[in-house]
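The sequence and structure come first.

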Amino acid sequence: MLKSLLISLAILFCATILESSIFTNISFFIVVPDILLILSIYFSLLNGKLYGEITGFGSGLFLDLITGSPFGLNCLLRTIIGYVFGFFSRTVIISGLIMPVLSVGVGTIFKRLFLMIISFIFPSINLYVYSFISKEFLFEFCANIVFAIIIFKIMGFFKKTLSLYDTRDMINHVQD
């Protein structure tokens, strides 16, 4: 488990650098796609609740350290998302097209809802929160879905290294 977890955290750290330094400088992106959210959802669907919590917290910590967001906000948000999606780890097959799109779409909506609730509770915190009926949210939603398909396919090549379970056990468990 430790080897898989360290590899996952290294991937999340590299994705944090990629997202915060390269994607923010591309003028095509209205809003930067949330690669860390996609990876956290992938890891939690692959390995379960505890793994999802740890990788979600790690991605939130990396993001909080690099960006100027209030410290702990992304840690809490991504830990909750990792835990919730970890519930479905033994029942969802993540190798198709529908589940990456559906899970990342729900995760993006949940992230936006959480940030809106936080901005209502703590109005003194200056969060750039846009509504669901905005071009920014629509672009982020669509970009996350497109990137989810790509990232889930790429991470599928490393499934044996990243998974805590044998892939044959997953297939047998789903067929039972």
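## Terms and basis

Angles under 35 degrees count as roughly parallel, over 145 as roughly antiparallel, 65 to 115 as roughly perpendicular and the rest as oblique. Axes are lines fitted to C-alpha atoms, for helices over the stretch in contact, with angles from 0 to 180 degrees between N-to-C directions. Helices are DSSP runs (H or I, at least four residues) numbered from the N terminus.

The model is predicted: local features need pLDDT of at least 70, side-chain atom pairs count only at pLDDT 80 or more, and totals for chains, interfaces and linings use all residues. Residues are numbered from 1 along each chain as its sequence is written, and side-chain values use heavy atoms, without hydrogens and water.

## H1 and H2

Helix H1 (residues 2-22) and helix H2 (residues 35-47) cross at roughly 165 degrees, and their axes come within 9 Å. H1 and H2 are therefore roughly antiparallel to each other. Their contact (heavy atoms within 4.5 Å) includes Ile11, Leu12 and Ala15 of H1 and Leu36, Leu39 and Phe43 of H2.

## H2 and H4

H2 packs against helix H4 (residues 73-86) at an angle of about 35 degrees, the axes being 8 Å apart. Among the residues in contact are Leu37, Ile41 and Leu45 of H2 and Arg78, Ile81 and Phe85 of H4.

## Cysteines

With a disulfide defined as a pair of cysteine sulfur atoms within 2.5 Å, the count is zero. Relative accessible area (1.4 Å probe, protein chains only) under 20% means buried, over 50% exposed, and in between partly exposed. Cysteine 14 is therefore exposed at 51%, and cysteine 142 is partly exposed at 39%.

Terms used
Helix = DSSP H or I, 4+ residues; strand = E, 2+ residues; numbered from the N terminus.
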